[in-house]
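Subject: A structure for you to look at

Hi,

Here is the structure I promised to pass on. Have a look at it first, and then read my notes below.

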Amino acid sequence: MPKLAIIYASGMGRTKKMAETIAEGAKTVDGVEVLLKDAYDTSAEDIRDADAIMLGGSTYNYKLIKAMDPLLKQMKDMDLKGKVGMAFGSCGWSCEGIPTITKRMQAFGMRVIEPGLEIYQVPDKEGLEKCFHAGRTMAAGMKN
Ligand SMILES: Cc1cc2nc3c(=O)[nH]c(=O)nc-3n(C[C@H](O)[C@H](O)[C@H](O)COP(=O)(O)O)c2cc1C
């Protein structure tokens, strides 16, 4: 069964809420295993086992949230070539989080779906619907 890992780093729970809603959408697709984890709790095995990885991180002080650093460092030493990736996250104004994650995943040799899913501040109903659909679309695509 194909595996989709949804991993987030979130300071105030907004990107976490996005991740949870992406996972809800993905879980509506039968035949795809969905893993939802905080970046701090993610093991190398979680990454290695995944066919697709959706990585979410918000922006603080014009940079991707620092809580994503240890995981990205770990991923740098892994063979991720050919895995599918997509970035998501909440931010306030400058929004460096998504482009930073996207560039890192591309550098790892992953096939990255762009432009990623960006939401301003607290995700509203419409934003959460986008998250749900992004999860469902990714999971459905993995079955092809
Ligand atoms: C101290 C602080 C610094 C922030 N710096 C930025 C920033 O430089 N650029 C930006 O786009 N958003 C910035 N934000 C906004 C957050 O990215 C935004 O509130 C986001 O919704 C937080 O999501 P999270 O709960 O997943 O961490 C900052 C927020 C705080 C509290």
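Let's start with one residue. Leaving aside neighbours within four places in sequence, I6 is in contact with A19, I22, A23, A26, V34, L35, L36 and M54; two residues are in contact if their C-beta atoms, placed from the backbone, lie within 7 Å.

Before going on, please note that this is a predicted model, where local features need pLDDT of at least 70 and side-chain atom pairs count only at pLDDT 80 or more, while totals for chains, interfaces and linings use all residues. Residues are numbered from 1 along each chain as its sequence is written.

I6 is also among the residues with the most contacts inside the largest nonpolar core, together with L4, I22, A26, M54 and F88; this core has 40 residues. A nonpolar core is a set of buried Ala, Val, Leu, Ile, Met, Phe, Trp, Tyr and Cys residues joined through C-beta atoms within 7 Å. A residue is buried if 20 or more other C-beta atoms lie within 10 Å of its own, exposed if 12 or fewer, and partly exposed in between. Elements giving two or more residues to this core include β1 (3-9), α1 (14-26) and α5 (125-142), and β1 gives the most, with 6 residues. Helices (H or I, at least four residues) and strands (E, at least two) are DSSP runs, numbered from the N terminus.

Next, how do α1 and α5 meet? They pack at an angle of about 45 degrees, with their axes 6 Å apart. Axes are lines fitted to C-alpha atoms, for helices over the stretch in contact, and angles run from 0 to 180 degrees between N-to-C directions. Among the residues making the contact are I22 and A26 of α1 and L128 and M138 of α5.

M138 lies in helix α5 and is buried, with 23 other C-beta atoms within 10 Å. Leaving aside neighbours within four places in sequence, M138 is in contact with L4, A26, A52, M54 and M86. The C-alpha atoms of M138 and G25 are separated by 9.1 Å, although these residues are 113 apart along the chain.

Finally, look at α4. Its buried residues are G97, I98, I101, T102 and M105. Seen down the axis of α4, they fall within an arc of 125 degrees (taken from the directions from the helix axis to the C-beta atoms), so they line one face of the helix. These buried residues pack against β3, β4 (59-60), β5 (63-64), β6 and β7. After α4 comes G109, whose phi is positive, near 90 degrees.

Enjoy exploring!
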